Amino acid sequence: MPKSYGQKLKILYLAQFLSERTDEQHPVSTAEIIAYLETQGIHAERKSIYDDIHALQKFGLDIIATRDNPRGYYLAGRRFELAELKLLVDAVQASKFVTARKSRALITKLETLTSHMEASQLHRQVVVAQRGKSNNEQIYYNVDTIYAAMASDNQIRFLYCEWSASKQLVPRKSGAFYEVSPWLMTWEDENYYLIAYDDEAAILKYYRVDKMLRLSVCEQPRMGKDAFEALDIAGFAKKTFGMFAGEETVVTLRCDHSLAGVMIDRFGTDVPMRAVSDRELQVRVSVAVSRQFFGWLSGLGSRVRMISPATICTQYREYLQDILSLYENCEEDVP
């Protein structure tokens with residue numbers, strides 16, 4: 001490497017070295033910096049190192065000179081603190097929609113945002129035990145394509161799939177493409193969903209992004225702006241169970257006082273709730289009535305009962321009776 005060219009790169013190698021090899025617990029001495037630069041074919045004098053560090057400090061790098069033992073320099077301020085990176089790594093690990101391979105790739109990139117020594121603390125088990133991860137590698141790029149379509153105000157087309165008994169994603173509608181107008185990406189039940197306008201049905205629908213294949217942007221402009229703007233996004237998650245749409249209805253629940261936290265976690269702190277006795281609370285909530293809502297309600301057992309409206313109570317009773325009917329003729333020790 002020509003000497004003049006090497007000197008131009010010297011300050012860049014110095015910044016990289018401090019970023020990758022130092023932190024508060026691991027400062028490096030001037031001698032170590034000089035030795036590292038020599039491995040890159042760059043000769044450096046002590047005074048030039050001091051000058052370069054001063055230049056990097058003026059540029060904005062938070063380089064600290066420590067007088068403690070060991071003496072030396074380290075990069076203190078970074079874009080992300082170690083605790084923040086750990087949080088991001090945990091989020092990547094827990095995300096079912098990100099495949100194991102993409103999880104490893106993302107975590108490797110996150111590790112570059114801190115020193116090599118602190119990066120070792122980010123080496124965690126990528127796939128959490130007993131936690132399923134998506135097998136659809138395409139989802140990583142589906143998200144980007146959807147955002148690109150929204151930015152350009154265009155529709156998208158894709159095959160929408162469902163899982164078969166053989167654990168394969170099989171296209172719905174006999175393999176016909178869906179064409180919709182994307183409006184919002186949302187995160188629910190550990191999955192990415194797209195809220196999009198279906199022009200044929202003239203309604204907003206919800207699609208699991210990890211069940212989309214062969215996604216592309218169409219030339220047609222988006223439709224359904226008025227329908228999307230009329231959507232109460234803030235209240236959407238409170239009303240919808242498992243992203244299954246249903247007729248929006250105000251229901252009244254009577255529940256044990258011990259379920260106050262469950263109701264607040266599900267419907268928010270502004271949920272209308274009052275004590276009607278020493279044992280029971282009354283809660284009025286607006287929900288999208290669906291079998292998923294009934295499933296959530298039945299999961300709370302006898303500590304909650306729906307008291308109105310009568311039509312929804314009847315539907316719920318029929319839902320429970322259908323389940324009970326499956327067990328009317330149970331036999332013991334059925335293989």
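Me: How are helices and strands picked out here?

Reply: Helices (H or I, at least four residues) and strands (E, at least two) are DSSP runs, numbered from the N terminus. In this chain they come to 12 helices and 12 strands. Please keep in mind that this is a predicted model, where local features need pLDDT of at least 70, side-chain atom pairs count only at pLDDT 80 or more, and totals for chains, interfaces and linings use all residues. Residues are numbered from 1 along each chain as its sequence is written, and side-chain values use heavy atoms, with hydrogens and water left out.

Me: What percentage of the residues of the chain count as buried?

Reply: Buried means under 20% relative accessible area, exposed over 50%, and partly exposed in between (1.4 Å probe, protein chains only). Here, 38% of the 335 residues count as buried.

Me: Which residues of helix H11 are buried?

Reply: Look at residues 291-299, which form H11: Phe 293, Phe 294, Trp 296 and Leu 297 are buried there. They lie on the same side of H11, because they cover an arc of only 160 degrees around the axis; the arc is that of the directions from the helix axis to the C-beta atoms. On the other side of H11, you will find Arg 291 and Gly 299 exposed.

Me: And what covers the buried residues of H11?

Reply: Contact means heavy atoms within 4.5 Å. The cover includes strands E9 (247-256), E11 (280-289) and E12 (304-308), along with helices H10 (260-267) and H12 (310-325). Within H12 sits Gln 315, which is in contact with Val 289 and Phe 294, leaving aside its neighbours within four places in sequence.

Me: How do the axes of H4 and H5 cross?

Reply: Axes are lines fitted to C-alpha atoms, for helices over the stretch in contact, and angles run from 0 to 180 degrees between N-to-C directions. Angles under 35 degrees count as roughly parallel, over 145 as roughly antiparallel, 65 to 115 as roughly perpendicular and the rest as oblique. The axes of H4 (residues 82-94) and H5 (residues 100-111) come within 10 Å and cross at roughly 175 degrees, so H4 is roughly antiparallel to H5.

Me: Which residues meet there?

Reply: From H4 come Leu 85, Leu 88, Val 89, Val 92 and Gln 93, meeting Ser 103, Leu 106, Ile 107 and Leu 110 of H5.
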